[in-house]
Amino acid sequence: MDGEKECVVIVDYGSQYTQLIARRVREKHVFSRIVPCGAPISAVSCGNLRGVILSGGPNSVFAEGAPGVDQAVFKLGVPVLGICYGMQLMGQALGGSVEPGTAREYGSTQVDVSDSDGLFDGLPKSMTVWMSHGDRVSEIPPGFKAVASSSNCRVVAMCDAERRLYAIQFHPEVAHTQYGGEMLSNFLFKICRCKGDWQLSSWIDQTVRALKDRIGNDEVLLGLSGGVDSSVVAALLGRAIGPRLHCIFVDNGLLRWREADEIRAMFGGRFNLDLHVVSAAGRFYKALAGVTEPEAKRKAVGREFIEVFAEEARKFGSCRFLAQGTIYPDVVESSSAAGAVSHTIKSHHNVGGLPADLKFELVEPLRDLFKDEVRIVGRALGLDAEFIERQPFPGPGLSVRILGEVTAEKVRLLQQADVRVQEEIRKLPGCRSIWQSFAVLLPVRTVGVMGDCRTYEHVCAIRCVDSQDAMTADWTRLPYETLAEISRRITNEVRGINRVVYDITSKPPSTIEWE
């Protein structure tokens, strides 16, 4: 397929934003793929290569064992863009000098542009960008010129236009950088001369063909949660192999209010899928008893899910493949999608580590897509809006929205609070633009007064965020009236909660989920 479409390759040095770079490129209708920093040059150069981007990363070029760059990448005959750590690697590899910064730059920084050619073509001479670095290029390599600076960094951007090599110390892929999209457009279309003709509709056709070719006449098991990702996987596989798809839904007792019933009705009824429901709430509550640490909870849910799923899967001895709805953000937050050099943020709950007697081959057709791309695919496949617009929901369910030990009573409290959040949010005209909105049960109790009586009950936090791809997010400015009504309904209607607070933290520095 790479020979059929133009492609920009991102070399991953472990930045938490590497997947976001790939997403930004695809927004321009240019196909992008990621390769690990240690991959051979042949992995970078294959296909209709139009350009290479060297990502940022958590390392210092001075650290022992820090990943380097194969200088052959600069001789491929295509433009190269170095971002942050990628700039430092380029500067060091091509004969310049890098030094530790005297003051680390993190966050918004004012940058002055001295040369508007190349990346800055058509952009203002001064702009605000997003920095995240300690080291910096102190002396540019031969043939380069410095084209931008800041008060703390003499060389914020540099280029060798003749060899089409460009480097910037900041992150154009994040929303906090002014004109970041325009810079990437300049790189893709004016420097790399891409056509921008890649479409997700062609991805669907190619993926369905690939699934048919790979699966042949075999059968597939799918762990169906009812969320956007697994629903789209089901639609893709349904188109590819029809009735040879078997779906297993594990009701772990950690779902949203009445969600298990809705999933039965939607997938077993309307879509007429071969759906097998396993009711296992008691087993999950037992596995979580006494567990309070977030990662321990995720792993406990994951282990129990595997056991329950494996027991059911053994009934399908004829199935060769196991499908799941892994997407890009799952991969990047669990570990580096390519190279395992990024810092783990949190574990993600998918079907992994199955017993040895269940020798499935894994099928993950959405692994290269972001959430908004998955939704576009779902619409193209004809899924109803109620499926496509479902908000992301963590694999461990409400266990990671209950801080502290998880019990059946706490799950009931949180379900009741959360359903009232959803009901009030849905009344807003622009509710579908909210990426996620949910309630969190905190491990504290506070004094309250209800009906002239003293209460000592739980605190509920409300989390609402706006995002495009879950890599970054900003807290939603809900109307005061909506917040007031949510608080009133929860404290009046949910016995056991007497205080409601609102989370006004963005990502970064926080994650979207509390655990």
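Colleague: How is a pocket defined, and which residues count as its lining?

Modeller: On a 1 Å grid over the protein atoms alone, a pocket is an open set of points with protein on both sides within 12 Å along at least five of seven lines. A cavity is a set of points where a 1.4 Å probe fits but cannot get out. Lining residues have an atom within 4 Å of a point. Now the case here. This is a predicted model: local features need pLDDT of at least 70, side-chain atom pairs count only at pLDDT 80 or more, and totals for chains, interfaces and linings use all residues. Residues are numbered from 1 along each chain as its sequence is written, and side-chain values use heavy atoms, with hydrogens and water left out. The largest pocket is lined by 32 residues. Nearest its centre lie Glu-389, Arg-390, Gln-391, Gln-422 and Arg-426.

Colleague: What is the volume of the largest pocket?

Modeller: A volume is the space filled by probe spheres set on the grid points, which are joined across faces, edges and corners. For the largest pocket that gives about 940 Å³.

Colleague: Which helix supplies the largest share of the lining?

Modeller: Helices (H or I, at least four residues) and strands (E, at least two) are DSSP runs, numbered from the N terminus. The largest share, 4 residues, comes from α13. Elements that each supply at least two residues include α1 (18-27), α7 (259-270), α13 (408-425) and β15 (436-450).

Colleague: How many lining residues are nonpolar, polar and charged?

Modeller: Asp, Glu, Lys and Arg count as charged. Ala, Val, Leu, Ile, Met, Phe, Trp, Tyr, Cys and Pro count as nonpolar, and the others, Gly among them, as polar. The lining of the largest pocket has 14 charged, 11 nonpolar and 7 polar residues.

Colleague: What is the strand order in the open sheet of 5 strands?

Modeller: Strands of a sheet pair through backbone hydrogen bonds, either parallel or antiparallel. Two strands pair if DSSP finds at least two bridges between them. The order in this open sheet is β12-β11-β10-β13-β14, with parallel pairing. β12 (274-279) and β14 (361-363) stand at the edges with a single partner strand each, so one side of each lacks a neighbour in the sheet. On average, neighbouring strands of this sheet are turned by 30 degrees against each other, direction ignored. β11 (residues 245-251) pairs with β12 over 6 bridges.

Colleague: Is β3 mostly covered or mostly uncovered?

Modeller: Buried means under 20% relative accessible area, exposed over 50%, partly exposed in between (1.4 Å probe, protein chains only). β3 (residues 48-54) is mostly covered, with 5 of its 7 residues buried. β3 pairs in the parallel sense with β1 (residues 6-12) over 6 bridges, and with β4 (residues 80-83) over 3 bridges.

Colleague: Where is Lys-5, and is it buried or exposed?

Modeller: Lys-5 lies in the segment before β1. At 11% relative accessibility, Lys-5 counts as buried. Beyond four places away in sequence, Lys-5 touches Phe-31, Asn-48, Trp-198 and Gln-206.

Key: Axes fitted to C-alpha atoms, helices over the stretch in contact; angles between N-to-C directions. Contact = heavy atoms within 4.5 Å.
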